[in-house]
Amino acid sequence: MGQPKAQVTMRFHGALNDFLSPAHRHQAFSHVLRGRPSVKDLIESLGPPHPEVDVVRVDGEAVDFTHRVQPGACVEVYPASMDEAPSVRVGPPLQDTPRFVLDVGLGRLVGFLRMLGFDALWRNDFADDTLARLSHDEDRILLSRDIGVLKRGEVLRGYFPRSTDPAEQLVEVVRRYGLTSRMHPFSRCVACNAALTSAEPSEVAGRVPERVAERHSRFQQCPDCQRVYWAGTHHQRMQALVNRLRELEGAP
């Protein structure tokens, strides 16, 4: 008879179950330990990317990502949304002013975030290594539906939007990072991300339709791409979205 396989007991909580196989969700399960992996490597081998993890407990004690897991250990893993207050957190604290970088598949979400006033980088040709570098070097939250790029070691802040609908993705991100009280709607260019400045009608003359110039006296413009904004019907629709997001404050 061969030697018994070294095993650990794993338990993932909350939204981390989204990344597990159906047989492992919402319950404790045994996992064969290969070598003496770090907590980070063990967690990611089962699915969840490390930026989604906030607290790890091994045999009841909070540990960091470098902790080496021993056979027979009981490992519990918590997402940031759960009410845990240990002495050791593996996830960084929330930023006072969150900034984002988004992968190529989230082009509509980036427009929503900019509309809310958040600094959000996006290009349709960002490579994975560029996304990871920008996230690390500029301390930006990486939003991506590519689990592989979220697992890169240099990524400290990141989130995997569960929905494929941009409006629902926005609700997810607002909830995850507590953005409701930090929004500054209509202060940033949705096209190029620059901060908008106010503009007099004379400054935008010839750059807006004649009917708009006749009906509006308040304008904003982008100092970078020169796009002009005013409170038209699109603005009204976006304001309705902002109002719905503000209702999330304190909602379960």
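1. Across the interface of domain 1 and domain 2, seven residue pairs are in polar contact, both residues of each pair at pLDDT 80 or more. A polar contact here is a pair of N or O atoms within 3.5 Å; within protein, one must be able to donate a hydrogen and the other to accept it, and residues adjacent in sequence count only if both atoms are side-chain atoms. Please keep in mind that this is a predicted model: local features need pLDDT of at least 70, side-chain atom pairs count only at pLDDT 80 or more, and totals for chains, interfaces and linings use all residues. Residues are numbered from 1 along each chain as its sequence is written, and side-chain values use heavy atoms, with hydrogens and water left out.

2. Where do the domains run? The assignment gives domain 1 as 7-79 and domain 2 as 95-251; such bounds come from an automatic or database domain assignment. Their C-alpha centres lie 34 Å apart. Eleven residues of domain 1 are in contact with twelve residues of domain 2, contact meaning heavy atoms within 4.5 Å.

3. Together the domains bury about 850 Å², 50% of it on carbon and sulfur atoms. Buried area is the accessible area (1.4 Å probe) that two parts lose on being put together, summed over both. On the domain 1 side, His50, Pro51 and Glu52 lose the most area to domain 2, together 49% of what that side buries.

4. There are two salt bridges between domain 1 and domain 2, each a side-chain nitrogen of Lys or Arg within 4 Å of a carboxyl oxygen of Asp or Glu. Do look at arginine 162 and glutamate 52, whose side chains meet in a salt bridge of 2.8 Å, N to O.

5. Helices (H or I, at least four residues) and strands (E, at least two) are DSSP runs, numbered from the N terminus. Two strands pair if DSSP finds at least two bridges between them. S3 runs antiparallel to strand S5 (residues 74-79), with five bridges, and pairs with strand S4 (residues 61-63) over three bridges, also in the antiparallel sense.

6. What does arginine 57 face on either strand? It stands opposite glutamate 76 in S5, and its bridge partner in S4 is alanine 62. Two residues separate S3 and S4 in their hairpin, where aspartate 59 in the turn has a positive phi of about 50°.

7. Glutamate 76 has another link: its side chain is joined to that of histidine 13 by a polar contact of 2.8 Å. Histidine 13 sits in the loop between strand S1 (7-12) and strand S2 (29-32), and is buried at a relative accessible area of 14%.

8. Over in helix H2 (residues 107-115), seven of nine residues are buried, including Leu109 and Phe112. Their cover includes helix H5 (166-176) and helix H8 (233-246). Glutamate 168 of H5 is partly exposed, at 47%. Glutamate 168 and leucine 109 are 59 residues apart in sequence and 9.3 Å apart in space, C-alpha to C-alpha.

9. Finally, three strands form an open antiparallel sheet in the order S10-S11-S12. Strands S10 (197-199) and S12 (228-229) stand at the edges with a single partner each, so one side of each has no neighbour in the sheet.

How values were computed: Buried < 20%, exposed > 50% of the residue type's maximum accessible area, 1.4 Å probe, protein only.
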